[in-house]
Amino acid sequence: MPVSFGEAIPALPAGSVRASADFYRDRFGFEILHFDEDFAVLRRDAAEVHLWGASDDSWHGGLDTERPVRSGAESFIAGTASCRIGVAGVDELYESCNAAGVVHPNAHLRDTEFGTREFGTLDPDGNLVTFFQR
């Protein structure tokens, strides 16, 4: 049987899962399906986003060369991720996001050479979320 890929779900690091979940709900219309302080599941139509808590600040005391930072939830990880979400009605979503002030200043609505119309936004931590339409 040939291999076939299915759904892919981005998992983005968040310094505050609550603040990020509220942002995705309020700015992009996602529904919060699950929430706890360290993890959230959000969905809008067929798009799903997971947020995980990157809130371990124990590294602030200085780096120990014998025991490197390695919890996997260090706070400096928040804002280092990105994802792309396909949408229908990218122009209308852009207008809404632009009016709300969440469009990345260097990622306004544009047509790409590879056949998409897209724009980028930043979530509260600085993760890049690009919305595109083919």
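Two residues are said here to be in contact when heavy atoms of the one lie within 4.5 Å of heavy atoms of the other. The structure is a predicted model, in which local features need pLDDT of at least 70 and side-chain atom pairs count only at pLDDT 80 or more, while totals for chains, interfaces and linings use all residues. Residues are numbered from 1 along each chain as its sequence is written, and side-chain values use heavy atoms, with hydrogens and water left out.

The secondary structure of the protein comes to 2 helices and 8 strands, where helices (H or I, at least four residues) and strands (E, at least two) are DSSP runs numbered from the N terminus. Followed along the sequence, these elements give the pattern β-α-β-β-β-β-α-β-β-β. Of the 134 residues of the protein, 33% count as buried; the term buried stands for under 20% relative accessible area, exposed for over 50%, and partly exposed for what lies in between (1.4 Å probe, protein chains only). The accessible surface comes to about 8,100 Å², and 50% of this surface belongs to carbon and sulfur atoms, with areas taken from the Shrake-Rupley method with a 1.4 Å probe and, for residues, only the protein chains shown counting as cover. Among contacts between residues at least 6 apart in sequence, 45% join residues at least 24 apart.

When neighbours within four places in sequence are left aside, Thr121 is in contact with Phe28, Val102, Val103, His104, Asn127, Leu128, Val129 and Phe131.

Strand S7 (117–122) also takes part in covering the buried residues of helix H2, as do helix H1 (17–28) and strand S8 (128–133). In H2 (residues 90–99), the buried residues are Val90, Leu93, Tyr94 and Cys97. Seen down the helix axis, these buried residues fall within an arc of 105 degrees, so they line one face of H2; the arc is that of the directions from the helix axis to the C-beta atoms. Glu92, Glu95 and Ala99, on the other side of H2, are exposed. Just after this helix, Gly101 takes a positive phi of about 75 degrees.

In helix H1 the residue to look at is Ser20, which counts as buried at 1% relative accessibility. Beyond its neighbours within four places in sequence, Ser20 is in contact with Ala14, Leu51, Pro124 and Asp125.

Phe39 lies in strand S3 (residues 39–44) and counts as partly exposed at 29% relative accessibility. Leaving out neighbours within four places in sequence, Phe39 is in contact with Val17, His34, His50, Leu51 and Trp52. Val41 lies in S3 and is buried, with a relative accessible area of 13%; not counting residues up to four places away in sequence, Val41 touches Glu31, Ile32, Leu33, His34, Glu48, Val49 and His50. His50, placed in strand S4, counts as buried at 17% relative accessibility. With neighbours within four places in sequence set aside, the contacts of His50 are with Ile9, Pro10, Ala11, Leu12, Phe39, Ala40 and Val41, and the C-alpha atoms of His50 and Ala40, 10 residues apart along the chain, are separated by 5.7 Å.

The loop between S3 and strand S4 (47–53) holds Asp45, which counts as exposed at 69% relative accessibility. Phi of Asp45 is near 55 degrees, a positive value in a residue other than glycine.

Asp45 leads on to the pockets. On a 1 Å grid over the protein atoms alone, a pocket is an open set of points where a 1.4 Å probe fits, with protein on both sides within 12 Å along at least five of seven lines, and lining residues have an atom within 4 Å of a point. The largest pocket has a volume of about 220 Å³. Of the 13 residues that line this pocket, Arg44, Asp45, Gly86, Val87 and Leu93 are the closest to its centre. Its lining divides into 9 nonpolar, 2 polar and 2 charged residues, where Ala, Val, Leu, Ile, Met, Phe, Trp, Tyr, Cys and Pro count as nonpolar, Asp, Glu, Lys and Arg as charged, and the others, Gly among them, as polar. The volume is the space filled by probe spheres set on the grid points, which are joined across faces, edges and corners.
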